[in-house]
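Here are some notes for a colleague who has the model open, arranged as numbered points.

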Amino acid sequence: MAMPSPSYTVTLRVSVPAHPRATQHLVEAVADAGGLVTGIDTVESLEKHLIVSVTCDCVNTAHVQEVRGNIEMMVGTVVEEVSDATMQAHIDGKISVELKNPLRTRQDLARVYTPGVARVCKAIHKNTAEARRLTVKGNAVAVVTDGTAVLGLGDIGPEAALPVMEGKAALFKRFGDVDAWPVCLDTKDTEEIISIVKAIAPVYGGINLEDISAPRCFEIEERLREELDIPVFHDDQHGTAIVTLSALINALKLVGKRIEDARIVVSGVGAAGSAIIRLLMLHGATDVIGCGRNGALGPFREETNPHRNWLAQNTNPRGFQGSLKEALAGADVLIGVSSGNILTGDDIATMADDAIVFAMANPTPEVDPIAAGRHAAIVATGRSDFPNQINNVLVFPGLFRGMLDAGASKIDDEMLRQAAIAVADVVSDEERNANYIIPGVFDPRVVDKVADAVIRYVTGKEPRHKKKSKRDKASNAK
């Protein structure tokens, strides 16, 4: 059964008959229903009743109702109100615009707006590159989606995707001090999306594509990279690939294997799986098998999708034909970016000694992590309630911080590889162990490591840390 989570924290306002053990009985009622009490306060004490506020973590919406029902089974008890902490956190949105300079006097107004702003406009008109220095462009990223592949929810539309894009923008600011803004488009037309992004590009120093369904996401990214003079990054593909390679670098060190010798099986050959395989191969992997719903891809058959066909013709050098489970026999590494509960511990037992398992499907991994851990030397997931969380937030804030600081106009695969190495290097030889192959998302070292690696790659020079104080401020924010 799934465990209670802070994503389903609720506060119940309860009227309960006055009794010396009233609050104890409330805690027991919540616990009996499987809830985890994190706080309890008496709000008001009346002659015959107490008003008590109970805060607890639940599993899902149905579980919240189960907890409520269990409380109301107590004689004379009424649940007056249920507040959902996650919903409360989203009221009026999660991000806002703030002024960098005071606007209190006529002199301030004359500098920030007319007539002073005209001189700035003329300077940019004379040299458009000055927009990076004299406007928000130098620190701004558009988080662009059409709402067709949102988390595990699928095609839910641009309005419903907005909370996720707001959240992404909040992560950009918190971890990289990057000013990101959600751009949710009410169109699924590839050409229209490309046209719109090109039209709004003058405002931004980078484009982060997010939650756009495959295979359209491939063409959109490729075209925008070709036609824009700012970096375009599809996080679902390349963010996942970078953090996966980072974790694998350290995992292989821990078990004493080389990527060049490792037999690697990737479950899922969509946007993320395709990008992972390409980046692993750039880093030296030679024996990679990608598995889709119909089993292993390989040179033995043509695929109609050009991206899948590239994988088929450039991977699986042994020409293996068979299912995912069959491909695992003797494999050193399993990387899952597919569906939950498609494998068992017995399947992992067929892998090579000191096997590495990255089961990253969310919220339910491809194989139960505990079952996998009985047979594999190292297990990682995309979840925060298990060790070794493979999370894109380790990558994109520092990557864009570095590209913006370096004034990058393009992004390429070698830049992604350098970012992956930088994340891996955060974990020292002394720190590395089976439960710690990748840093935590709140590790303050990560953003600077990644940003510096990107700046070094783009400029060929050591970083000057012109935004260092901002990065430190973002990293230390509570």
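1. For the helix angle given below, axes are lines fitted to C-alpha atoms, for helices over the stretch in contact, and angles run from 0 to 180 degrees between N-to-C directions. Please keep in mind that this is a predicted model.

2. Helix H17 (residues 413–425) packs against helix H18 (residues 445–459) at an angle of about 145°, their axes being 8 Å apart, and the crossing of H17 past H18 is right-handed. On the H17 side the contact is made by residues including Met415, Ala419, Ala422 and Val423, and on the H18 side by residues including Val450, Ala453, Val454 and Tyr457. The residues of this contact divide into nine nonpolar, one polar and three charged.

3. An open sheet of mixed pairing is formed by six strands, in the order E11-E10-E9-E12-E13-E14. Strands E11 (295–296) and E14 (378–381) stand at the edges with a single partner strand each, so one side of each is left without a neighbour in the sheet. E11 pairs with strand E10 (residues 287–292) in the antiparallel sense over two bridges, and Gly295 in E11 is the bridge partner of Gly292.

4. Helix H10 (residues 235–255) lies across strands E9 (263–267), E12 (333–336), E13 (356–359) and E14, and runs at about 160° to E13.

5. The largest nonpolar core has 70 residues, and Leu248, Ile264, Leu280, Ile335, Phe358 and Leu399 are those with the most contacts inside it; its largest share, ten residues, comes from H10. Apart from this core lies another, of 21 residues, among them Ile207, Phe218, Leu224 and Leu228.

Terms used: Residues numbered from 1 in each chain as written. Predicted model: local features only at pLDDT ≥ 70, side-chain atom pairs only at ≥ 80, totals over all residues. Heavy atoms only, no water. Pairing = 2+ DSSP bridges. Helix = DSSP H or I, 4+ residues; strand = E, 2+ residues; numbered from the N terminus. Contact = heavy atoms within 4.5 Å. Left-handed = near helix turned anticlockwise from the far one by under 90°. Nonpolar A, V, L, I, M, F, W, Y, C, P; charged D, E, K, R; others polar. Core = buried A, V, L, I, M, F, W, Y, C linked by side-chain atoms within 4.5 Å. Buried < 20%, exposed > 50% of the residue type's maximum accessible area, 1.4 Å probe, protein only.
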